[in-house]
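My entries follow in the order I made them.

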Amino acid sequence: MMRQAGRHFLQIPGPSPVPDRILHAISGQVIDHRGPAFAKVGTQALEGIKTIFKTEQNVVIYPSSGTGGWEAALVNVLSPGDRVLMFETGHFATLWKKIAEKLGLKPEFIEGDWRGGADPDQIEAYLAEDRNHEIKAVCVVHNETSTGSVSPIAAVRKAIDNAGHPALFMVDTISGLASLDYQHDEWGVDVTISGSQKGLMLPPGLSFNAISAKAMAANASATLQRSYWDWADMVGPNKTGYFPYTPATNLLYGLNVAIDMLHEEGLENVFARHARHGAAARAAVRAWGLEVLCNKQGQESGVLTAVMVPEGHSADGFRATTLEHYDISLGNGLSKVADKVFRIGHLGDFNDLMLVATLAGVEMGLTKAKIPHNAGGVGAAMAMLEGTQIAAE
């Protein structure tokens, strides 16, 4: 197979490319995870990650994928047969529901059309009907990676409060954390789940649970089986920077550097950068005459843009053509939107020039794959980027 010159463009919505500075940190020598040097590494990671979740509460770190973080959140606060309210925002909300079912919970799904985030009004109305408070948790995906839509988390919290309901509020921000504004404490979230491979710019391998005092109290009475995931086993050792089992030491090295990088740029600047790139990507899509999957204004993601291909054309065929000819990987459509959409990731350690190059690859790929479109998408994105830069200055 002939070698292609230049670097590969990994433009899926995570894992995101890992910056050289983090790769260098990860390459450090493993140390004794029971020794005094590790306590400094662990404490820095456990305290630092709180600043990204914007919480003063405990955040536990697992050596696992985000799926493990989902399971940990459920088993630590719920009991067999508990009713759980979930909202169908896309593929990942659906997977979380399936995990709840396998654990012996009774998830109840508010159906969605995969074109926007969770609807607080529907959640409030559903909870208002639960007069005996049998629903024990409300679970919402913040940034739905399969569709490019964002749920209004603060508004969902208000909806739960308006209904006068005591259910725990659980949020998946696996692809939202460190890319979109997220405020665990201010928004009144009880359990927040995230992962290392998206906005935190790390390889896959770490998941997180941020835990409110209310959730920690629920842990004491919850009866779902748990061992590896038990928060109660984590919080004691974590107080001194240690873990109850062998931690992912090298990923913690990288996590500490990632947190430093995010604060060096400034979290608000990180969020603004992602918002700009999302807006510019959507400008390109519309200039091409194509349709963005998320059609609810104000709920479009700065992490990724999901693009619908015209009927009769294959999104997967387009992706294969673009990979072959331009060495760029784009995200595929999942389950209900399989082969109907492709997803452009614009998250993590990513700047304006990288976005323009990515969109150029997409536009060339549309031509090569004979997907009907108008020219000029890259120019539309550049005009938006230049306009927002001038406004900022």
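This is a predicted model: local features need pLDDT of at least 70, side-chain atom pairs count only at pLDDT 80 or more; totals for chains, interfaces and linings use all residues.

Entry 1, W114. I found W114 in the loop between β4 (106–110) and α5 (120–128). Phi of W114 is near 65°, a positive value in a residue that is not glycine. I noted the background: most residues other than glycine have a negative phi. Is W114 buried or exposed? Its relative accessibility is 4%, so W114 counts as buried, the cut-off being under 20%.

M201 has phi near 70°, and M201 is not a glycine either. I located M201 in the loop between β9 (191–195) and β10 (206–211). M201 counts as buried because its relative accessibility is 4%.

Which peptide bond did I note as cis? I noted the one from G14 to P15, with omega near 0°. I placed P15 in the loop between β1 (9–11) and α1 (20–26). For background, most peptide bonds are trans.

I turned to the nonpolar packing. The largest nonpolar core has 86 residues. I listed the members with the most contacts inside this core: I49, I61, I123, L200 and L255. Which helix gives the most to this core? Helix α9 (residues 249–265) does, with 9 residues.

I then followed L200 through its contacts. Leaving out residues up to four places away in sequence, L200 touches I22, I49, I52, L177, A178, G195, F208, L255, A258 and L262. I also logged a second, separate core of 25 residues. Among the members of the second core are A284, V307, V378 and L385.

Entry 5, strand β12. I checked how covered this strand is. In β12 (residues 304–308), 4 of the 5 residues are buried, so the strand is mostly covered. Next I looked up its pairing. Strand β11 (residues 291–292) pairs with β12 in the antiparallel sense, over 2 bridges. V292 has V307 of β12 as its bridge partner. V307 is also one of the residues in the second core. Strand β14 (residues 341–345) runs antiparallel to β12, and 5 bridges join the two. I noted G345 in β14 as the bridge partner of L304.

How many cavities of 30 Å³ or more does the structure hold? I counted 3. The largest cavity has about 50 Å³ of space. I wrote down its lining: L10, Q11, I12, S16, P17, G345, H346, L347, D349, F350 and M354. G345 in this lining is the bridge partner of L304 noted above. By class, I have 6 nonpolar, 4 polar and 1 charged residues around the largest cavity.

The second largest cavity has a volume of about 40 Å³. I61, Y62, P63, L206, F243, P247, A248 and L252 line this second cavity. I had already met I61 among the residues with the most contacts in the largest core. Which strand gives the largest share of the second cavity's lining? Strand β2 (residues 58–63) does, with 3 residues. What classes make up that lining? I found 8 nonpolar residues, no polar ones and no charged ones.

Notes: Residues are numbered from 1 along each chain as its sequence is written. Side-chain values use heavy atoms; hydrogens and water are left out. A nonpolar core is a set of buried Ala, Val, Leu, Ile, Met, Phe, Trp, Tyr and Cys residues joined through side-chain atoms within 4.5 Å. Buried means under 20% relative accessible area, exposed over 50%, partly exposed in between (1.4 Å probe, protein chains only). Contact means heavy atoms within 4.5 Å. Two strands pair if DSSP finds at least two bridges between them. On a 1 Å grid over the protein atoms alone, a cavity is a set of points where a 1.4 Å probe fits but cannot get out, and a pocket is an open set with protein on both sides within 12 Å along at least five of seven lines; lining residues have an atom within 4 Å of a point. Grid points are joined across faces, edges and corners, and a volume is the space filled by probe spheres set on the points. Ala, Val, Leu, Ile, Met, Phe, Trp, Tyr, Cys and Pro count as nonpolar, Asp, Glu, Lys and Arg as charged, and the others, Gly among them, as polar.
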